[in-house]
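Trainee: I would like to learn how to read a structure like this one. Could you take me through it step by step?

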Amino acid sequence: MADQEAPSLFGLCTFAFVPSRDLTDTVIDELSQSLQKYGGEVCARKRDGSLPLATITHIISNTIEFPQYDAAAGMMIPVVKSKWISASLAKNKQAQIRPYTPDPRMIFSDIHLSCADIPERDQDAIVGASMAMGGMYSESVTRLTTHICALSMDHPKVKMAVEKKHKCKIILPHWFDDCFKLGKRIDEGPYLLPDPEILRVSPDDSIEPQCSPYLDGATSARPDYIPPPDISEGRKLHLTIFNEKKIMISKDLDMRDRLSRIVVDLITAGGGQITDSAVECDWLVCRYRDTDEYVMASQLGKTVGNMSWLFYLIQTNTWSNPLHRLLHYPEPRNGIPGFQDMRISVSNYGGEARIYLENLIKSAGATFTKTMKADNTHLVTARDNSEKCEAARDWNINMVNHLWIEESYAKCELQSLSVPKYTHFPPRTNLSEIIGQTFLDENKLQALYFSGGPEKPTPTKSPAGRKRKALDITDENSTVDGPEPEPEPPSTAGPKKSTRKTFDIMRDVDDGENADAEAPLLKRPAVKASVYATPARNRHVRSGKENETPSTVTSSGRSAKDKALGRLSSLAPDIALYEKEKKRSLKDGHGPWGGKRAADLIEREHLNRRPAATSPAAAGDDKDGSKLEKRPAKKARPTLPEVETRVILTGFKRWVNDINKEEADRKKLRDMGIAVVQDGQPCDYLVAPQLVRTVKFLRNLSKGAVVLSSEWVEDCLDKKQMLDPDEYILKDKENEKRFGMKLETSVRRAQANKGHLLSGIPIYCTAGIKNGTESYQAIAEANGAIFMVYGPRSGSTIRPTNPEDDEGGPEPVYLLSTSTPDEKKLWKRFEDMARKGNMEPRVVASDWLLDVVMKQEVGFEKKYLVNNFFI
């Protein structure tokens, strides 16, 4: 069966590949064979290297740096990485698109996340934000899992991943928090368990700046030379990026004659042509955004870049969108408004990142200073600790990271310093690793520098025209729910064509629309318009059909009604067909689902559940569909009695392995006014068969809950009424003698202690203790203790104190431990740490804590010391 279904995995799908450095022709051939084997079709590129977008359904590319990416997005053609094919084959079904997008703005697109011991609300926030940014979530840990978000290595998910040697990273939730705040993905290294750097190393320690691949060839808007191309020794330079492209080099570049000749020779040798027309060119290379060539080419949808972008194409022989790198696009001649009076310095950035920021600051119109003085206005820093940072705090100079200057330049306006991500500095991360990832905002560029344009800029078949049309469609799709523009007066020149045909089924017949989008109106007798007609309220509607005649009715009080009547008349055939479908009988089995058919089926199900039967006359009416039986009123739910007693059960054996019986008994108890609540919630009684040292028993005993025998619940259920709980107080002489306590006395002490029995007493617990640290932590913290886990990598958490400075004398500090060899190694180090802090170390068995809580009285005997207990 699987063999028959396998070939149809990629059926009806047509693929096209975009080669890149990590998607070579050899890899493409192998993937093409896999796609064709499972029913897919692979489409070759055209002679000019472009993709046949009209015939393909998927684009396989590991980058978005190819010319037709925007057009593909406008046509809603998914662009996925090559990993998507492998994931689909592994699942035997097509994988989701979002997790495999090559768009770098989807920062978690390669992450398959699972969460361990994370609070529920924090987990929901992390999972939701990660999936919105391209990630995937799974409740269980599988081989596909790349990250496990956890607070420790003790969770079962983490232990299983370690035992099975899964190649996934165990990471603190702090990493997700920092990524969300910055909107960028930073290195996971400092956040990895079991020994995260952010918890081990001081934030003030130095960090080596990291190189960002996004700055390659994009550190300056006006380079002085052409970088050497990426070719191996002995091979001749052969450029294919300029093949069949018309390129215009603007005069405002002011290139030297020799450099200009070299560039022209390289373009022509690569199959390109040099033109002087902004209308005929495919690419425009210029320096500033205010030239006539720039405005014309931008309005026509041409690709516009600067000299740095051109040199990058020559160096790499691969396509790059100039909008994706800030210094690959022409710069504003007078900078960004608001930057002219600023003096900006840079700290903690090195190498290419520092050169890039220096040039970006100058392009924005500000003054860059290598050294910082009191007259500086801003400091751009990758971390919040350095000599310049200290001086900035002393001199009250604004301190921000590079995202502020990048987004100000990208959005063509000064950004507010109050945005949190501009002043966020992760403790063990140098932000130079995420520099250069900001894209220019094309909508802002169009609004400020090349708004408007000629009516017929280019033939409809030109690539630039198709690109601009695709972008316009994308903009329309993204603003479907936006405000309706003001209606224009009816044109007398003739019918006006709509740009795209839309189909709006659920259209409101009372909406007033633009006259240009109306259907032809039926002829009606002229009605005299009222002089004081109430104006119609503007409402959002969609565009109408193509080739529709404008309304000839002048603007008046009757105009909206006439339009509505005309539209209703045009919909009359569809309405009649819909009414006919509603009356279709169910006997033939061909009735459409929904409408009357769905309502009748639901109604019959309700009627079958009720003992009362309908009359024959009513049944006949229902069959004909002419009359509908009036739906009976819903019966009011019986109200439950108020909760009089809240109980917590522990060790209750009546419901073991019988969930149905447990649910039924809980409902019976609730009907009596007894609510069985979960551990941790307020309760009146603790119900147990005998004295036990479980976590639930000890936690609720610490709250002062009266302990009842399990027989109370049994008798209440058997006699179907709530009995007097005072007659069922737990009496267990045998275990009282065993534990050396009296239950009545312990309850009285617990009510007096109010959960503060161990208040202020530090209790440590070895990480490898039997039964885990969580149970002992719950018991200790329920009694107000200061609980901490002590492990091999735990640092000193007790401040060194001289005995002369401590007036009260040494106080005890406890370490709960067993006698395993690994735990014995911790005893000496713990004792030394305690004595340096002028405290008395006591390494004890866990029974000390259990007995103290059971008695509700702090005490200590030497028999609890590990050297005496484990003999």
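**Reading the chain, feature by feature**

Mentor: Happy to. Of the contacts in the chain between residues at least 6 apart in sequence, 68% join residues at least 24 apart. Keep in mind that this is a predicted model.

Trainee: How many helices and strands are there in the chain?

Mentor: The chain has 29 helices and 24 strands. Of its 871 residues, 42% are buried.

Trainee: Over how many bridges do β13 and β15 pair?

Mentor: Strand β13 (residues 343-347) and strand β15 (residues 378-381) are joined in the parallel sense over four bridges.

Trainee: Now for charged groups. What should I have in mind when I look at them?

Mentor: Side chains of opposite charge can pair when their charged atoms come close. In this chain the count comes to 28 salt bridges.

Trainee: Could we look at a pair? Which side chain meets E188 in a salt bridge?

Mentor: The partner is K169, at 3.5 Å from N to O. E188 sits in the loop between α7 (173-182) and α8 (197-200), while K169 belongs to strand β8 (residues 169-171), so the pair ties together parts 19 residues apart in sequence.

Trainee: Is E188 buried or exposed?

Mentor: E188 counts as buried because its relative accessibility is 6%, and the cut-off for buried is under 20%. K169, at 35%, counts as partly exposed.

Trainee: What about E413; which residue does it form a salt bridge with?

Mentor: With K444, and the closest N and O atoms are 3.2 Å apart. E413 is in the loop between α14 (402-410) and α15 (442-449) and K444 is in helix α15, so this pair ties together parts 31 residues apart in sequence. E413 is partly exposed at 38% relative accessible area, and K444 is partly exposed at 28%.

Trainee: Which residues are linked with E714 in a network of salt bridges?

Mentor: The network links R654, D665, E714 and D718. Within it, the side chains of E714 and R654 meet at 2.5 Å, N to O. This pair links distant parts of the chain, with E714 in helix α23 (residues 711-719) and R654 in the loop between β17 (645-649) and α21 (659-671), 60 residues apart.

Trainee: One last case. Where does R325 lie?

Mentor: R325 lies in the loop between α11 (307-316) and β13. It is buried yet has no salt bridge: D216, the nearest side chain of opposite charge, is 5.6 Å away, and a salt bridge needs nitrogen and oxygen within 4 Å.

Trainee: Then which side chain makes a polar contact with the side chain of R325?

Mentor: The side chain of Y312 does, at 3.5 Å. Beyond its neighbours within four places in sequence, R325 is in contact with P213, Y214, D216, A218, Y312 and L440.

Note on methods:
Residues are numbered from 1 along each chain as its sequence is written. This is a predicted model: local features need pLDDT of at least 70, side-chain atom pairs count only at pLDDT 80 or more; totals for chains, interfaces and linings use all residues. Side-chain values use heavy atoms; hydrogens and water are left out. Two strands pair if DSSP finds at least two bridges between them. Helices (H or I, at least four residues) and strands (E, at least two) are DSSP runs, numbered from the N terminus. Buried means under 20% relative accessible area, exposed over 50%, partly exposed in between (1.4 Å probe, protein chains only). Lys and Arg count as positive and Asp and Glu as negative; His and the chain ends are not counted. A polar contact is a pair of N or O atoms within 3.5 Å; within protein, one must be able to donate a hydrogen and the other to accept it, and residues adjacent in sequence count only if both atoms are side-chain atoms. Contact means heavy atoms within 4.5 Å.
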